[in-house]
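Here is a set of questions and answers about a ligand and its surroundings. Please look at the structure before reading on.

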Amino acid sequence: MIVAFAQTKGGVGKTTLAVNLAVERVIRRRRDVLLVDADEQGTATDFACLRGERLGSTGFTLVQLTRGATVRTQLLTLKDKFDDIVIDAGGRDSGALRAALTLADIAIVPFQPRSFDVWTLDKVAALVGEAKVINPGLRAFAIINCADPQGHDNSAAAEALAENTEIAYLDSPVGRRKAFPNCNAIGLSVLEASQPDLKACRELERLADRLDTLPPFLSIDDGV
Ligand SMILES: Nc1ncnc2c1ncn2[C@@H]1O[C@H](COP(=O)(O)OP(=O)(O)O)[C@@H](O)[C@H]1O
Ligand SMILES: [Mg+2]
């Protein structure tokens, strides 16, 4: 499965969720995982560096590919060599993001509470629509990251997406939890902390489980 974390906005949690999902698939599912850092900022690469220094081995393979043409050609070469590919697709409308969408099975579009604006949605939806010309099987799902404990945002998000034909709302929010930055900073997933934040772990696991059971088409009716 190729999963791309795709958003033209920065700071929404693409890298955080991408690295945590990559590690989740390695340690919980024993999958052979390729993590593609397609962001020039290289934050996922930094994470892998820290992780390698700390653990001796990252457990996954990391490549940094930031040029659109290279993302596509390399992914075509690599896609059958790994069980799963997780792509951190950078925080702007880049060639790398567009290329990632032309090969991904699933695009996860993280949003932060109250930033569920139509403008950003339309932009990402347009990119998904364009990618589907080449990659008709692409399914895009928006999720809330850094969710407030009250959860009012969930219904607002579902509402904002109700009319969207390209992106469905996936009701698997991830809360704002210190465990994410704390673990990121030492190259670990939240699942590996010495004293794990169980809520963070459960949210990550739930999201990861949902990805494996998503329908093979984009059904808007029930939000997935
Ligand atoms: N669920 C979360 N809870 C708390 N902090 C988070 C969460 N997700 C991301 N962050 C923090 O928010 C900041 C931006 O996240 P990042 O993954 O780098 O976003 P992006 O890759 O979209 O630019 C980072 O400092 C990260 O540690
Ligand atoms: Mg990032």
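Q: How far does a polar side-chain atom of Thr15 lie from an oxygen atom of ligand 1?
A: This is a predicted model, in which local features need pLDDT of at least 70, side-chain atom pairs count only at pLDDT 80 or more, and totals for chains, interfaces and linings use all residues. Residues are numbered from 1 along each chain as its sequence is written, chains are lettered from A and ligands numbered from 1 in the order in which they are written, and side-chain values use heavy atoms, with hydrogens and water left out. A polar contact is a pair of N or O atoms within 3.5 Å. For Thr15 and ligand 1, the distance is 2.8 Å.

Q: Which residue has a side-chain N or O atom 2.9 Å from a nitrogen atom of ligand 1?
A: Gly11 also lies by the ligand, with a backbone N or O atom 2.7 Å from an oxygen atom of ligand 1. The side chain with an N or O atom 2.9 Å from a ligand nitrogen belongs to Asn145.

Q: How much of the accessible area of ligand 1 does the protein cover?
A: Accessible areas come from the Shrake-Rupley method with a 1.4 Å probe. On its own, ligand 1 has 560 Å² of such area.

Q: How many charged residues are in the shell around ligand 1?
A: Asp, Glu, Lys and Arg count as charged, and Gly is among the polar residues. The shell has five nonpolar and eight polar residues. Its charged residues number three.

Q: Which elements each supply at least two residues of the shell around ligand 1?
A: Helices (H or I, at least four residues) and strands (E, at least two) are DSSP runs, numbered from the N terminus. The elements are α1 (14–27), β6 (139–147), β8 (174–175) and α7 (179–184).

Notes:
A polar contact is a pair of N or O atoms within 3.5 Å; within protein, one must be able to donate a hydrogen and the other to accept it, and residues adjacent in sequence count only if both atoms are side-chain atoms.
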